[in-house]
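Hi everyone, thanks for coming.

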Amino acid sequence: MTLTRPRDRVLILDYGSQFTQLIARRVREERVFCEIHPPTRSVEWIRSWAPSAIVLSGGPSSVYEEDGPGVEPELLHMDVPVLGICYGMQLIAELEGGRVEYGKREYGRAELRLREAEGLFAGFAREHPVTVWCSHGDHVDQPPEGYRVVASTEGLPVAAFRAEDRAIYGVQFHPEVAHTPEGDRMLSNFLFRVAGCRPSWTASAFVEESIAAIREQAGSRSVICGLSGGVDSSVAATLVHRALGDRLTCIFVDNGLLRKGEREGVERTFRRHMGMELLVADAREEFLEGLAGVDDPERKRRIIGGIFIRVFERTAREAGKDASLLVQGTLYPDVIESLSVRGPSATIKTHHNVGGLPDDMPFELIEPLRELFKDEVRRVGQELGLSEAFVARHPFPGPGLAVRILGEVTWERLEVLRDADAIFLEEIRAAGLYDEIWQAFAVLLPVRSVGVMGDARTYECAVTLRAVTSRDGMTADWYRFPPEVLARASTRIINEVAGVNRVAYDISSKPPATIEWE
């Protein structure tokens, strides 16, 4: 599905940094549309894409590597503002005749001293140092001729430069990360003061463009949607329903991997309150048979994806639905994490919506949310009239509880996890903390531990609780609960869930961990 693009948009060329998605996130927060693309894009392609500005990301390579990723020199002479970050700055220096010093590592915070308070640093006070975060092995030792040094640190004489005759900037630090407190201001200055962008990327504009694009793609065809009841699939379904009306049929597949009460909630919300045609397929036995004996998380995802499509085909066929289009709630972070944009960006895992589907899938996909981050999806949901309580629900993975059960998935283990998860969320809501947390859930470990209950020895399951804060799900920190909340959740789980005698709390951040355990 191709949207009609806003005139102001930013092209981000990804050189393999794990922070590239954060650049996109920060640009979107300024309500400017952007996309991440590989640096192998030709100048001709870039011209046709017509960016208002270009950002060259950081990356693990050196400009001295024989096969290191580069960029066509002509890109710097397209009369389009360019910002090079870390490796991107080094590329600019190398292309324009500057000197990059090899192998001087610098990681962590540094104090930036400004030589001018304009351009990227408009509104900053030159006399006050600015804290920035560095993560690089090489650095620019000598700027190219015609470039001016605009900021330095104690160990980095050329921490930022700009071209004197063009709107080209380079910074050796990372303004996109939270460890650079004033980084948002710098990026805002680049977008609005340097590039002259306008904040036109809004939920209402997205809804209007998406409806037109959905109608164009669908034509007169019927559409089916895999409705899980989560925020993503629900917003996607509501958006398509707004565009196509009764040509949309939603299919809810009860795969047995759902949270407690999920099926009943979906039927109540979408069939009764929103007036959508909703078919419910009970495929619990089919999924559990397919997952029997499987403990590898990637195999779980692919098995679930394959069965999901088979159930879809069968349910639609039996209901007489001759649909050739399938709606999915794929988000931009799913795409970024699942597909290595260029090659150096590591593929973390096959993601919930973009992985696991068979190659011979008979449906053409409609993915109306594919370009959105999670909070943008929530804003679109509000624009579409979904309740605040609904759009604020925590994310839930497409493979459901299968990727929260480490090891083999069985009905008995699912029931244990379902009950433990429900208690954890009940206690979070009772404490008034639900909206402070990005995602919270329980994980069932593939181990048993010794305990004492009723003066008798037990040897039962261990459950780990996980709760994180995040802006977009791309990075996350563990949530600091009041101890009494965790104590109540632990006590209830052990007392009320048969087969559990130990509860732990996960205090890992992302990175190095991911939010989900599998």
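I'll start with the ground rules, then go through a sheet, a helix pair and a few individual residues.

This is a predicted model, so local features need pLDDT of at least 70 and side-chain atom pairs count only at pLDDT 80 or more, while totals for chains, interfaces and linings use all residues. Residues are numbered from 1 along each chain as its sequence is written, and side-chain values use heavy atoms, with hydrogens and water left out.

Let's begin with the sheet. Helices (H or I, at least four residues) and strands (E, at least two) are DSSP runs, numbered from the N terminus. Five strands form an open sheet in the order β14-β13-β12-β15-β16, and the pairing is parallel; two strands pair if DSSP finds at least two bridges between them. At the edges sit β14 (277-282) and β16 (364-366), each pairing on one side only. From one strand to the next, the twist averages 30°.

Now to one pair within that sheet. Strands β12 (residues 223-226) and β13 (residues 248-254) run parallel and are joined by four bridges.

How many residues of β13 are buried? Seven of the seven are, so β13 is largely enclosed by the rest of the structure. Here buried means under 20% relative accessible area, exposed means over 50%, and partly exposed is in between, with a 1.4 Å probe and protein chains only. In a regular strand the side chains alternate between the two faces of the sheet. In β13, Leu248, Cys250, Phe252 and Asp254 are buried on one side, and Thr249, Ile251 and Val253 are buried on the other.

Next, the helices. Helix α6 lies across β12, β13, β15 (325-327) and β16, and runs at about 165° to β12. For angles like this, axes are lines fitted to C-alpha atoms, for helices over the stretch in contact, and values run from 0 to 180 degrees between N-to-C directions.

Helix α5 (residues 203-218) packs against α6 (residues 231-244) at an angle of about 65°, with the axes 9 Å apart. The two helices are therefore roughly perpendicular to each other; on this scale, under 35 degrees is roughly parallel, over 145 roughly antiparallel, 65 to 115 roughly perpendicular, and the rest oblique. On the α5 side, Phe206, Val207, Ser210, Ile211, Ile214, Arg215 and Ala218 meet Leu239, Val240, Arg242, Ala243 and Leu244 of α6, where contact means heavy atoms within 4.5 Å.

Also in α5 is alanine 205, which counts as partly exposed at 22% relative accessibility.

Finally, some backbone details. Lysine 510 and proline 511 are joined by a cis peptide bond, with omega about -15°. The bond from proline 511 to proline 512 is cis as well, with omega near 10°. Proline 511 is in the segment after β20 (500-505).

Which residues have positive phi without being glycine? One is arginine 31, at about 65°, in the loop between α1 (20-29) and β2 (33-37); arginine 31 is partly exposed, with a relative accessible area of 42%. Another is cysteine 86, with phi near 60°, in the loop between β4 (82-85) and α3 (87-95). Cysteine 86 is buried, at 2% relative accessible area.

That's my tour, and I'm happy to take questions.
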